[in-house]
Amino acid sequence: MTISLQLDAVSGESSTRRALTDVSLAVAKSKKIVVVTGAGISCSCGIPDFRSSDGLYSLVKERYPDIVLKGRDLFDASLFRDSASTSVFYTFISQLKRSIDAATPAPTHKFIQTLDTKHKLVRSYTQNIDGLEERIGLRGSSSQQAKTSGKKKPKLKSKEVRNVQLHGDIHRVRCTFCSTEMPCTEEHLHAFENGKAPNCPECTSRSEARVARSARALKIGTLRPAIVLYDEPHPLGDDIGTIQTMDIARKPDMLIIMGTSLKVHGLKKLVKDFAKVVHATGTGTTPSGTPKVQKSWQGKVIFVNKTPPGSEWSDIIDYHVAGETDAWVDKVLEDWKKMRPSDWEIQQTLDHTDESNGFKVVKETTTKTKGKAAPKWNMNIENMPPEDPFSSQPNSPSKSPVSVPSSPSKRRQSASHYSDVESSPRKRRDIAKIADGMDRLDMSERCILFADATNAAKNAGGDDLVMGELRPPKVKVRRASASDISKECKPRTRNAAKSRVKVWVEIGKKPSIS
């Protein structure tokens, strides 16, 4: 059941005030909003609508009293059957185009742009042909940047379109023969004011090129406003249907309808499809099987218009706000900022410092760490092998560093990207102690440290160790014969190994001292 709220009675009844505040809170909390607009949102811009007493239909009757045309007939595709009605249409469109050029976007247009800035807008669908949404930054479906380029028929880029123009754009003209689109210029408007349609330049150039080749001329089409009339198919109807399907799949949680009487059949179907998805938001079951409880602000369909909707919308529209769309969006923004001020906080950042703007250029500072200062890293020794801490020979300053591939996979296995010398202070102290101890250690003691205990036990009765001193044994070297080599070096595979000379080192015992 539709709940009607009078926007003018905000200061009166408390129940109406509370209900309007709840609607504003629902807008602030919703995350996926679809907006559908009509001619009513552009009335405050100076553009007359179609059905009111001071609308465009009444102006046409005053200007052409002899021609009997109903308001619907002026935007019906059948008017092109008669030359007189076609001239009236062109003259009327030229005046409408000039009034649109002098108009500025209304607060309602800026409200839609605010929803897009806050990442709440799924997409905007409009019946308007004025293109005011394009001026505030919402790219329309008639824009050339929103279409693919090439020799094939252009298609819409769904990610680029933020405002779907259901009835076309008055700022563009289209050829009646080759369907070429181009911007509407002052030359085109001058021809429309006289009730005539200018020739298509694309058809003209192709025909002249054929005549220059001694071929027959082609038919030349005329230009007409690129708007969609009643009982006329939309040139981008398939692409718009694809975009609508994508938006339904995103499961919007709110539908806002503003400034339209919901009389057009195509728009009625679009609104009902979106309303069905919106009402299903927050319902269903959880993975555990328990039913979900819809929140109070979820799944709302809001209709803002001066006139109430028909009876067929009683089960579809939840709230009807009777009043001007500009006044309602101002109240929503006011309540939004009061109830959720965090949504409007902006972090100021200084991208450029300039003394002329009153900003002082501050010198960059570095963070100091406690304890000892970290050693400065030499950028010239990046990816170099670490120095050997046990080496007694210092590196020559004149020797140039060896270049090592920077890739870890190509670096030599003996090289390390992180040197032990330039590691943690504790590790450096340990390495220094080991190096100092090895320097003071005598060679004889170093041999004892690394002696084989098993061999020492076998040779306990020998004379290798005399008076607690280790003396170097005598070494006998003899050359191995070919027979010895052939006995011990037999190849295990088919490939015969090359014979090589072996050398044995024999350690003789020293005669005992009596």
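**Charges, helices and loops**

Colleague: What do the side chains of Asp343 and Arg340 meet in?

Modeller: Asp343 and Arg340 meet in a salt bridge, at 2.9 Å from N to O. The term covers a side-chain nitrogen of Lys or Arg within 4 Å of a carboxyl oxygen of Asp or Glu. Both partners are partly exposed, Asp343 at 22% relative accessibility and Arg340 at 28%. Salt bridges with shared partners also join Arg98, Glu186 and Glu193 into one network.

Colleague: What kind of model is this, and which pLDDT limits apply?

Modeller: This is a predicted model, where local features need pLDDT of at least 70 and side-chain atom pairs count only at pLDDT 80 or more, while totals for chains, interfaces and linings use all residues. Residues are numbered from 1 along each chain as its sequence is written, and side-chain values use heavy atoms, leaving out hydrogens and water.

Colleague: How many salt bridges does the structure hold?

Modeller: The structure holds 16 of them. One joins Lys97 to Asp101, with the closest N and O atoms 2.8 Å apart.

Colleague: Where do Lys97 and Asp101 lie?

Modeller: Both are in helix H3, four residues apart, about one turn of the helix. Helices (H or I, at least four residues) and strands (E, at least two) are DSSP runs numbered from the N terminus.

Colleague: Is Lys97 buried or exposed?

Modeller: Lys97 is buried, because its relative accessible area is 5%. Asp101 is partly exposed at 37%. Buried means under 20%, exposed over 50% and partly exposed in between, with a 1.4 Å probe and protein chains only.

Colleague: New topic: which residues gather in the patch of positive charge on the surface?

Modeller: Lys31, Lys32, Arg250, Lys251, Lys292 and Lys295. Patch residues have over 30% relative accessible area and no salt bridge, with like charges joined within 9 Å and nonpolar side chains (Val, Leu, Ile, Met, Phe, Trp, Tyr) within 5 Å. Lys32 sits in the loop between helix H1 (14–29) and strand S2 (33–37), and is partly exposed at 34%. Lys251 is in the loop between helix H8 (237–249) and strand S8 (254–258), where it is exposed at 60%.

Colleague: What is phi of Lys251 near?

Modeller: It is near 55°, a positive value in a residue other than glycine. Most residues other than glycine have a negative phi. Ser214 also has a positive phi, about 65°. Ser214 lies in the loop between helix H7 (201–212) and strand S7 (223–227), and is exposed at 73% relative accessible area.

Colleague: Last one: where does Asp8 lie?

Modeller: Asp8 is in the loop between strand S1 (3–6) and H1, and is exposed at 71%.

Conventions. Accessible areas come from the Shrake-Rupley method with a 1.4 Å probe; for residues, only the protein chains shown count as cover. Lys and Arg count as positive and Asp and Glu as negative; His and the chain ends are not counted. The place of a charge is taken as NZ of Lys, CZ of Arg, CG of Asp or CD of Glu.
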